[in-house]
Each structure stands twice: as structure tokens, then as C-alpha cells.
Amino acid sequence: MKALGSQSQSNSEVKKLRIVGRSVRRLDAVEKVTGSVRYSGDYVKPGTLTLKVLRSRHSSAQITALDSTPALAVPGVRGVITGVDFRKLIGDVVRDQPILAQDRVRYVGEPIAGVIAETPEAAQQGIESVRVTYQSLSSSLGVEQSLAAGGFLIHPNLADYTIVSCIHAQAGTNICHHYQLRTGTPLEALASAAITHEGTYEFPHIAHAALEPHSATACWERDGSLWLITSSQSPHLVRTMLAETFEIPESMVTVIAPPLGGGFGGKSDFTIEPLVVLAARTVIGSPVRLTLEREEVFSGTVLGRGCKASIHSAWDKDGKFIAAQIRLLFAVGAYANNAVNIVDGGGHNALGPYFVPNVQVDSLGLYTNTPPIGAFRGYGHPEVHWMLERHIDEVVDRQGWDPGHIRLLNLIKPGMKNAFGQTIEVYHGNAEAVVTTTAERLATLKSKYQVEAHERLGAGLAAFVKSPVMATNAASSAVLKVHRDGSVDLAISASEMGQGSTTVLSQIAAESLELPLHKIRINHEIDTRTCPYEWQTVGSTTTWKVGNAILAATAQLKNQARANAAAYFGVPLAEVEYRQGEMVTKEPGRAALSLGKVALGCVRADGSVVGSPLIATGWYLPKGLTYADANTGQGRLAASWTFGCQAAVLKVNVMTGRVTVLDMLTVMDVGGVINPQLAEQQVIGAMVQGLGATFLEKIVYAADGSIRNASFTDYKIPGLEDVPNNMEVIFLTTPSVDAPYNAKPLAEHGIVGVAPALVNAIRDATGLHFSSLPVTSELILERLHRGEASR
Amino acid sequence: MNRVFDYVACRSLAQAVDLLNQPGAIPFAGGTDILVAIREGKLRPKLLVDLKAIPELSDIRWADGMLRIGACTNINTLQTNNDIACHFPVLATAGLRFACYELRNRATIGGNIANAAPCAQTAPPLVVLDALVEVLSRAGRRLVPIQEFITGVSSTVLNPGELITALLLPAQPDDSSGIAVRAARVDGMDLASVHLAVQIRHLLDDANREVRFCFGSVTALPARYPDLEEVLSRTFLTRELIQTVSKAVAARIAPRKSSLRASPFYKKAIVGVLLAEALAKLLDNPALACSEEEPRW
């Protein structure tokens, strides 16, 4: 990794940094490598019962009969639950989902019944003995069908659902949300423009493929309290939703979230938790555990993406992007709850990093009879950047324009308002430098290669902007305590899911407290009873938001420590300075007091005590966010932006259609970097995941709505062998505001522009334009055989 | 998963043969297919007869002009054993990209054949080597030519109570060589979309050269076409000849339309590329490899 631009920071503050900016070894490295980390499924309390789930085999059907009594006769079975046991619908944004199917199933994999038993074998036998009779209903596996007028309704009772006010569902249709963005006069501009272009694009449903399957253990104690251990990115959100759903005080719910074996959004919001808690209610006092089989992770949690789009754009003859009319159709699956915000995220960011004066975006969420869609690394951004950056490449190719130049020409610049009315400032990052750096580096990389006669060399790039999509009240918080030896406990509730957040957050605390890293002890496991509030670990916001909360807490802690020392010395507070973990008076002559010495207040020579034990809290709330205006889509919708550009050099074997990616490059203006190695690895991980979505990954539905490739045999993700030799990450560091040590979000970002960059490179190599993912060898070879290649 | 069955780790062939006569008993080696099938509920055995600890079944030795490879020889051993690597490189190279290293330590050659999947990676090399399958039961030993052994998708001539004890490979002339190549969706672990074994006897002698080839994953059975092998044998090999043969292979194979790995179009398009690649490598003649100037079929 190269940190271009860091030299430009002459700020003396930055030069003094001791721990921030260093690639310290991640704190959990030994535990992860030796396998001693305890994940959710590793917590087995004595007497834990097993839950197995009977899932729908129909994508859309009425349950005409359900007999679960035979399961109760199976030896070892302790309880059975079905839809009649809990009628209430759940959902944070759109309350449309039953915990267990209520007379009707809406996707293959939907839970119908649960069997709680002493052994997995008995639970399985119990599941197999439950008798279900279905009556098939019409179904829709795609957005066109769901949109068709006169089509059947997946949720006939949509009008009756409780829905958050910023979500615009349309009763009597399958539309669970319609976000509209309007600015300027797009239709007039399109009608009169010198150059217009139309295209349609598709990003299929894909799977998160986290190594650790979802696992949760729940227990209702006899005092009415509930505890839950779960592989979740959102323990506090889960606690709130469980308390509301089961109508108990939030203080009676404890959610424990150990480190995750990968999340990627697939463990955000909630997935299996309500089901496990409902099952546990049948066996008060006994823990009940559900660990999903890999097939169930595919069909029984949430999937990601699933978007079809059309773009109609207008350009002037010099290449200025004048207008765009964009329609995004998200197939959100059978339940909207986790997906409607992605419809927003896509809609907000449909213009990417560009300034376009005339815009009409309609982003629709459509119910389909497929597993529900949830957050997936990038949250709407990869979908819309795939479409927009492919679209721009089509225009560039048609007009004979230079891809880098056209992007530079149209980038949004400081002082300009984006499509939803927020003004971009200098501190949001230097998008021009990002694109220029990428284009220059790409030219160098491409020039290295000679290829064989049966190969075609190509280079492509795609620019992007990413902003966190989040609740307006998405708070972070931190608590610091100091021990008598001067070591510090840091409690936070950000999930460690492989991204290295505990290391980075400890670096921020150590830097601010001017202590060695080993003096900071952070929690790797979240316990909602003892750890402070965190909305969710999503949107690449941990370093930024939790880091800010930690800085607020360290500032408070330093003041407390100084106050203790001042009281001890009997001098005004202003006379005491905090220096490298010691309280020193400005006036020489007094011995310094260490942080440990003032940790519990100070005992004077006569035994009297001054000051107080040190315990500091800090919080951070993104500033000034609002809901979008219902008609224009305008609002304070984002609290931070990160600009980036991605590029690839590849070769296409025209005999086999096989693509060999030679170089992949990401350039981003991230403000500041806390741990260069972890930041780089995070971005490379995202690039590899994007590589999979580009060439391999797609959920394949059979006609009956079941998933044909719900296993790693035929849902291929890239292995180490498939990773290009040269993966480059370049961070630019334009000083930021409202970010700890300038560090802005950067984690999901590495996936946003990967697919269009790679597929634009295929176009450069062959002249072939692809508009649907994944672009397989087979699809390339088919078009080569049809003689469509122009090079 | 969660199926109840008995399991016996056998110490001798006699014990295994005896146990296999029990109802619901099946032979069990690496378990890389059987455990998956049990987990998916596709196989519900009453007794797993584990063969791995029986010494004879992991033995590799020459006898009567043939290399006898014990059925429980694992796939990694196909590469590390000198006799196999030197005399039957076509089999050794077939193991190179079989699953992943860990699974190659478990999966066995006998199991790969007994499972009889169209994508079984050791089947084409065994076919071009005219391997014999040694089968044992209470009734005694019998030898079955590999091409007769596999009778369909997941179907073989094995009767209940029988197990594979070894694969017998006839010695090849000194000036022979072979190679296995494949096409797959990823460079990492994947089942092959198409795989190919090519064995050439009298490699550098145009007048006596015998070319044998067999494709996997393109039909239910390993696809060997002796008449097309004839076209490539005992002659000076050219691109045109290879192209003619590839075209004929593409016309004959009938790949499953529903495959998630590759469509019939792709398989038919790729057989010629693989055949040319293998022959070019074996004859150390890059000019034989596919070139883009050729018309496509």
C-alpha cells in the first residue's frame, strides 16, 4: 500500500502520532489463527436443547393443514412451535414478517415449524414427522412479474402493516417502497440533448457466504428475563426488537454477541434470533440452540443485491453529463423489513460521484417469492455503481471518449450540491485526485503486459462514492475505566467480525490517552447488559463513529484525572496537564501523578480522599440527518462521503472465454488511516468479494422458487488461487472533519466499483459490453462465437 | 445428518467381506461422498464398513506386469508415489486439481470409481490406461475392465456384498506419456466442467504412435472414442487432424442441459481446446494448441 498525499499533511498533530498510523498486529491474531476464539456456536451450556426448523418447500402457498402432534411423540422432543403460537408480525421498518408462517408461505425456506429436542437426531426426526398440506398459489420470482398490473399480491394486507413514515409502500401492489429523487428538468433535458443513451442492467441475488453459519442460543429464565447468545452484528437492535416483540422490559433482555466468523451484512438487523427466542419460550429454564446448516444460511436468512435498472442519460457534445432518468427495481424477497433501506441507499447514490443537474430517480422495492434481502457489503452502492459505470462505459465507447477524462469532467466538486441537495465540501475528499491517480497508475500497469495471439488485454476503471446508509439516530458510545496499575478498560459494542475493529479502536484510545497499546483492554465480546449502546455494526462506520465516541470518552477521562490531581495538589485545574498518562503541574517541583495513582481518587497523607474513581463515557451521533422528502427525495441523507476509483487490467482468452485478472487497483480518499495494514487488507477483501460477484456468483432459482446452488459445490466464491497477483490499494488523505484522526469510512468501499471496473476492462479487451452479472467464461465465449467481438 | 448407523473400522479384508453381507452395510473409505450423501438424507446405511485400516488396500506394488494400486490409496498419493508419477503420469496429473489438498488426503481412488459420478476425475485416466478393477466378495475375486465397471451415473457393476480392492494398471511401453487437463469455473476448488485424459504410446514415433483420450463430465459415462483415437494415431499430428477429431467429439457428446457448471454449448466448445492443449503439452509442440484463426464450430 502507498499512502500518497500523507506528505501533504504538515500538521504537527499528525507528526506526533505514535500508535495511530501504524500497522500494529491485530489483537486477536493468535486466537484467530490457533482456533481458540469462541464463536456463538461454541457456547454450549449444560442442558442445551437443539432447535431444528421445518421450512417451506413452496415459494407461494396456502397452508391448508398443519399437524405437528406426531413430533411431540418422538422420544426426546421437548416442544414444538408453529405459526399459531405467535401471530404477531415483526419488523423494524416494515412490520410484515411472521416468525413462523401464518397460514401462508411466501418463499422456499420460510420457517413453518420448530422442534425443540434433547438431541439433534430427535429434533430432526420430529421435523420429519410434522405433516403439512399446501395449496399452491401464484408466485413471482422476479421484479417484472411482481410489477405486472393485475398480478397477484404477495402481501394482500400491505395496507394494514405498521410502516415507518419515511417508507412509501403502495397498498394493492407488490411495491413495498418507492423512493423518488427529483432535481432540475430531466425530461426536457433528455428531449433536447445532443447525445442520449439508454441501457438496462442487472445485479442478481447473491449470498454473503460468511464462513461461520448463523448460530444462536436463547434461554428464558424463571424470573422472566431472557438471554441470547448470537452471531449478530446488531446485538442492541436485537435486544430492542426482542423486548418489543415479546413485550418485556428491555432491561430484562441480555444479548451476548461473541466475535463473528464473517458478517458482510448478513448478520445485521436480525435473522434467526426471534425464532430461537420463541422456541425457548416453550422450555422455560432450558437454553435452546439453533445453528444453521449451510443450505439454511442460503435459503433461511437473508440474501443480498437483486436489482434491475434502466438508465436514460443525456450528454452534451463535450461529454458533460446533463440529465439522467433512472429506474431501479429491487427484488426484496418475501419480506421488506431488512431491504427497504437498501432501496433508499441505491436511490440516493444512483448518480455515483457525478454532478448531474437534471435527475429523476425512481427506486422501487418489490416483493418477490424469494428469500428476504438484507444488508450486503455496500448497501445499494455496488448495485447502482454497476449500472451507472457500465452505462458511462457504453457512452464512452460509443462516442470514442476517454474513460478517465469523462469521469474527471463530471465529478462532483466542492461547493456543488449533490442530487439530494447536500453540498460537498473540500473535507469530503479529493475526488479529482482519486480519479487522476487511478487513471495514471492504470496506464502504467497495462503497459507492462504483452499477450499471446489467443488473448486480449484490457484495462478498465470505475469511480464511486460511498456514504453510510443509516438510521438518523444511529448512536455509538464508549466507556472507559482505569485500574490502579494504570491499565484501562475500554467497553464498546462494535462487533469484531474479522475487520480488525478491536485493534483499530484500541489504537485510537491508546493514542488519545498517550498510553502504550497494551495498557488498553477492549472487549471482543459484546454483552448488552454491560456494554454501552451501539446502533449496529454496519455501513463501515465503526472506526469513524465508535472512534469519535472513544475520543469523547478519553477527553472526559483526561479531565477527570486532571481534576483528581488538581484536588490532590490543591491547585486550580488549569495548572495540571495530562502528559503520557501522567498528571504534571505546569509549575515545576511537584512529582508527577500517574494515571493509576489517581484512578480511584487520591488519598492524602492524613487518609482523607479527594477526587473520584475514573469512569468516563463518550458518545457520537452523526450530525443533522433527516428523512428524505417524500416527493423530491431531498434531505440531509448522508453524514459522510468517501470517494474512490477502482481499476483492473485483465486478459481474455478468446478460445475459452476465460478471464485472467492481472492487476486490481483501488484508490480512495479516506482522510486518515489508523492501521494501514488492516485498512489495506479490508479493502483487498472487498475487492476479492467483488471479483466473485463479477465472474461467479448468482443465486440460481429453479422454477419452483427453490435455490439450485445452495451449497459451495455450485455457489462458487473465489479461492486464494483466484486472487490476482497484484492487488494494489492507494489511500489519499485529505484532512477530514468530524472523524477520529481524520479516519473516514473505507471498509465496504473496496467492493463498490469492482464489477464495473472489471467488466469495463473486458469491453476494452474485446469490445463486448455486458450488462448482467455474473460475466462467466461461458457468456463471454458465446458472444465471441457469435462474432460480436470488435477486437 | 443425524442419521443413526453403526460403524466398524475393519482390520482385515476377511472381516470387511463378512460385514458387507449384513443388510444395509456399505463400504466406507474417505467418506468425502458418503458423509455428504448421509447428511443430505440421500443415503441411509445401517452399517459403515470402514476399509482404511486394512493394510492391503493401501498397498501399491508391481505384480504380473501391472501396477496394483490399493483401493484406499488417497488422491495425494497418486502424485507422491514414484511408480505412479513415473509410469502413469496421466493418473498423477488427474489428482493435481482434484478438490483441495485436505480432501485429497481423504478421498480414495476406489471411492472415486465406486461413486461413479460423471465428473469422477480418476475415471478418464483409468480408462485410457485400460485399468482393471479388482472386486472382492465372499464368492471370491473378479477383475472388471474399467469401462465395463461404470454403467451409468452413480451406477456400477458392484453387487451388494462386493468391494473394490484395487485398480490394476497394465505397464505402458517406455516411450509413453500421459496428461490430464480440465476446465473449471475457478482456479481454486471446483468440480471440473470438462476434464480430459490423454495417454500416448510411442510418443515420438509418428509411425507407431497410439493416442488414447477420454473425456469426463460430457456424458453419463467416461467418453472414449476408439475410432477417433485411430485418426490421431500412427500419423503425423497436425492442427487440422486435432480439429477434425474435436469437431467429431463435440458432435457426439451429449452434456446434461441442466448442469450448473457449464452448458452443452460451453462443453462442446471447450473439448477441442482441451484436446489440443493436452497433445501440445505431451508432444512439446505449442503449434498443436488451438489457435484463434481456426473457424469455430
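# Walking through a predicted two-chain model

Student: Which residue of β10(B) is the bridge partner of B:Met66?
Tutor: Start with strand β5 (residues 66–70) of chain B, which is joined to β10(B) by five bridges. The two strands run antiparallel. In that pairing, B:Met66 has as its partner B:Pro170.

Student: And what stands opposite B:Val135 in β10(B)?
Tutor: Now we need strand β6 (residues 132–137) of chain B, which pairs with β10(B) over five bridges. The sense is antiparallel. Opposite B:Val135 you'll find B:Ile164.

Student: Staying in chain B, at what angle do helix α11 and helix α12 pack?
Tutor: Two packed helices are described by the angle between their axes and the distance between the axes. Take α11 (residues 239–252) and α12 (residues 264–282) of chain B: their axes are 9 Å apart. The crossing is right-handed. As for the angle, it is about 145°.

Student: How many residues of the contact of α11(B) with α12(B) are nonpolar?
Tutor: From α11(B) come residues including B:Ile242, B:Val245 and B:Val249, and they meet a set in α12(B) that includes B:Val271, B:Leu275 and B:Leu279. B:Arg239 in α11(B) and B:Lys268 in α12(B) take part too. The contact divides into two charged, two polar and, for the nonpolar class, nine.

Student: Is B:Arg234 buried or partly exposed?
Tutor: B:Arg234 sits in the loop between α10 (226–232) and α11 of chain B. Its phi is near 50°, a positive value in a residue other than glycine. Because its relative accessibility is 40%, B:Arg234 counts as partly exposed.

Student: Over in chain A, what about A:Arg305: buried or exposed?
Tutor: A:Arg305 also has a positive phi, near 60°. A:Arg305 lies in strand β15 (residues 304–315) of chain A. With a relative accessible area of 3%, A:Arg305 is buried.

Student: What is omega for the cis peptide bond between A:Leu773 and A:Pro774?
Tutor: Most residues other than glycine have a negative phi, and most peptide bonds are trans. A:Pro774 is placed in the loop between α17 (754–766) and α18 (777–785) of chain A. The cis bond joining A:Leu773 to A:Pro774 has an omega of about -5°.

Student: How far is A:Cys176 from the nearest cysteine sulfur?
Tutor: The structure holds zero disulfides over all chains. A disulfide would need sulfur atoms within 2.5 Å. A:Cys176 counts as buried because its relative accessibility is 0%. The nearest cysteine sulfur belongs to A:Cys166, and the distance is 12 Å.

Student: Which residue is at the other end of the pairing, opposite A:Ala61 in β6(A)?
Tutor: There's an open three-stranded sheet in chain A, in the order β6-β2-β8, with antiparallel pairing. Its edge strands are β6 (104–105) and β8 (131–136) of chain A. Strand β2 (residues 61–67) of chain A meets β6(A) over two bridges. Opposite A:Ala61 is A:Val105.

Student: Which residue in β13(A) is the bridge partner of A:Leu226?
Tutor: Chain A also has an open sheet of eight strands, ordered β3-β7-β1-β14-β11-β12-β13-β22, with mixed pairing. Within it, β12 (residues 226–230) and β13 (residues 253–257) of chain A pair in the parallel sense over four bridges. The partner of A:Leu226 in β13(A) is A:Val253.

Student: What angle does helix α7 make with β13(A)?
Tutor: Helix α7 (residues 235–246) of chain A packs on the sheet.

Student: Last one: how many of the nine residues of helix α10 in chain A are buried?
Tutor: Helix α10 (residues 340–348) of chain A is mostly covered. Its buried residues, among them A:Val340, A:Ile342 and A:His348, pack against β9 (175–183), β16 (321–333), β17 (358–367) and α11 (381–399) of chain A. Out of nine residues, the buried ones number eight.

Terms used: Residues numbered from 1 in each chain as written. Chains lettered and ligands numbered in written order. Predicted model: local features only at pLDDT ≥ 70, side-chain atom pairs only at ≥ 80, totals over all residues. Heavy atoms only, no water. Axes fitted to C-alpha atoms, helices over the stretch in contact; angles between N-to-C directions. Left-handed = near helix turned anticlockwise from the far one by under 90°. Contact = heavy atoms within 4.5 Å. Nonpolar A, V, L, I, M, F, W, Y, C, P; charged D, E, K, R; others polar. Buried < 20%, exposed > 50% of the residue type's maximum accessible area, 1.4 Å probe, protein only. Pairing = 2+ DSSP bridges.
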